[in-house]
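Good morning, colleagues. I would ask you to keep the sequence and the structure in view while I speak.

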Amino acid sequence: MPSSSLFLVLAVLLLPHPTASELIINNTTTNSIRNRELITSCNLFQGKWVTDPSYPLYDSAGCPFIDPEFDCIKYGRPDKQFLKFSWKPDSCNLPRFNGVDFLKRWSGKKIMFVGDSLSLNQWLSLACMLHAAAPNSKYNFDRQDTLSSLTFQDYGVTLLLYRSPYLVDITREKIGRVLKLDSIKQGNAWRGMDMLVFNTWHWWTHKGKAQSWDYVQDGSTVSKDMNRLVAFYKGLTTWGRWVDLNVDPTKTRVFFQGISPTHYQGRDWKAASKNCNGEQQPLEGSTYPGGTPAEVEVVNRVLSRMQKRVYLLDITFLSQLRKDAHPSAYSGDHAGVDCSHWCLPGLPDTWNQLLYAALVM
């Protein structure tokens, strides 16, 4: 949806909240506010991809945690150049990921990723990065549908993954499955963490058989459907309220994993190709031809209105450039061409490198 359409929808349907003109948030300004822990002269999220022969940070064959859907090399991807890129910010140096340092800093702590399969992508990436740094550390690994965990016993560091594609609740009622835009009862499972990394968006677009709810409830109003960006805004606002009411920032660091882009439409990067399949090089330049997705503006708006500090891992632009980094046809658990998730090793390793930078800079 074009940005102008988003402004109109929100202005009409979300009154008495800020008007459409107030919704227009400059990404650079927003990021500098959200990410004010960083050195003010450093924007980690604006830069370019450069060839780096020291990458990748681990070998997929040596990581015991990777799901088949992300294990592109195992499932036949013939090119390897996508593994050899590192992110270089324009205004500063990005510290190289140090897994042992990470484990020591978070010794005895619990880190939870909450969201959809993109959270799974990032969680498994961090698991592989830490395992590569401490290959002899004993671990306990448990994969479940809702809550999965990995504990590095020698350091007492636990990485958890809580599956919650919408962050708000879905309940089973007489009429069917109801997506409740103002309810987060599942949030009780997120308490007591030392770090929380949230993510949501992709499931808000699902329709037909891929849609996991039958009705959507906004307050006392129950309907078969509604504008998905508006629903996303309302659900994310509920999440923001939950963070404001339930998180003690002196005990818990909170991150929001920015919107992860898809590459199903070659026209978004002005290519003749139909989608990401066959792409082997990142895009160059300081802008993405397809522009900033409207959902990014929703995230920026919600974060700007929150009371508690949430660090935005603003991965959208740098990920937009990586049209080459998807599993495409080389996934062990995805039919067709996957231009939504990311190969491991690959782009999510950079997300975690940026997470590390946010913690140490």
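A hairpin joins strand S7 to strand S8 through two residues. Before I build on that, a word on the model. It is a predicted one, in which local features need pLDDT of at least 70 and side-chain atom pairs count only at pLDDT 80 or more, while totals for chains, interfaces and linings use all residues. Residues are numbered from 1 along each chain as its sequence is written, and side-chain values use heavy atoms, with hydrogens and water left out.

Helices (H or I, at least four residues) and strands (E, at least two) are DSSP runs, numbered from the N terminus. Two strands are said to pair if DSSP finds at least two bridges between them.

Let me start with the sheet. S7 covers residues 169–173 and pairs with S8 in the antiparallel sense, over five bridges. Within this pairing, Ile170 has Leu179 of S8 as its bridge partner. On to strand S10, residues 215–218: this strand runs parallel to S8, and three bridges join the two. Asp218 stands opposite Thr221 in S11.

Taken together, the strands form an open sheet of four, in the order S7-S8-S10-S11, with mixed pairing. Its edge strands are S7 and S11 (221–223), each of which pairs on one side only. From one strand to the next the twist averages 30°, where axes are lines fitted to C-alpha atoms, for helices over the stretch in contact, and angles run from 0 to 180 degrees between N-to-C directions.

Is S8 largely enclosed or open? Four of the five residues of S8 (176–180) are buried, so the strand is largely enclosed by the rest of the structure. Buried here means under 20% relative accessible area, exposed over 50%, and partly exposed in between, with a 1.4 Å probe and protein chains only.

I turn now to empty space. Rolling a probe the size of a water molecule over the atoms shows where such space is left. On a 1 Å grid over the protein atoms alone, a cavity is a set of points where a 1.4 Å probe fits but cannot get out; a pocket is an open set with protein on both sides within 12 Å along at least five of seven lines; and lining residues have an atom within 4 Å of a point. Grid points are joined across faces, edges and corners, and a volume is the space filled by probe spheres set on the points.

The largest pocket has a volume of about 1000 Å³. Its lining comprises 42 residues, of which Trp201, His202, Thr205, Ser260 and Thr262 are the closest to its centre. Helix H5 (117–133), strand S6 (157–163), helix H6 (228–246) and helix H7 (294–304) each supply at least two lining residues; the largest share, three residues, comes from H5. By type, the lining divides into 14 nonpolar, 19 polar and nine charged residues. In this count Ala, Val, Leu, Ile, Met, Phe, Trp, Tyr, Cys and Pro are nonpolar, Asp, Glu, Lys and Arg are charged, and the others, Gly among them, are polar.

How many cavities of 30 Å³ or more does the structure hold? There are two. The largest has a volume of about 70 Å³, and its lining includes Tyr55, Pro56, Arg322 and Pro345. Helix H9 gives the most to this lining, with three residues. The second largest cavity, of about 30 Å³, is lined by residues including Gly258, Val296, Asn300 and Asp314, and H7 gives the most, with three residues.

Finally, some backbone details. Most residues other than glycine have a negative phi, and most peptide bonds are trans. A cis peptide bond joins Tyr55 and Pro56, with omega about 5°, and another joins Leu344 and Pro345, with omega about -5°. Pro56 is in the loop between strand S1 (47–51) and strand S2 (85–89), whereas Pro345 is in the loop between helix H8 (316–320) and H9 (347–360).

Lys270 has a positive phi, near 60°, and is exposed, with a relative accessible area of 71%. Ser328 likewise has a positive phi, near 50°, but counts as buried at 4% relative accessibility.
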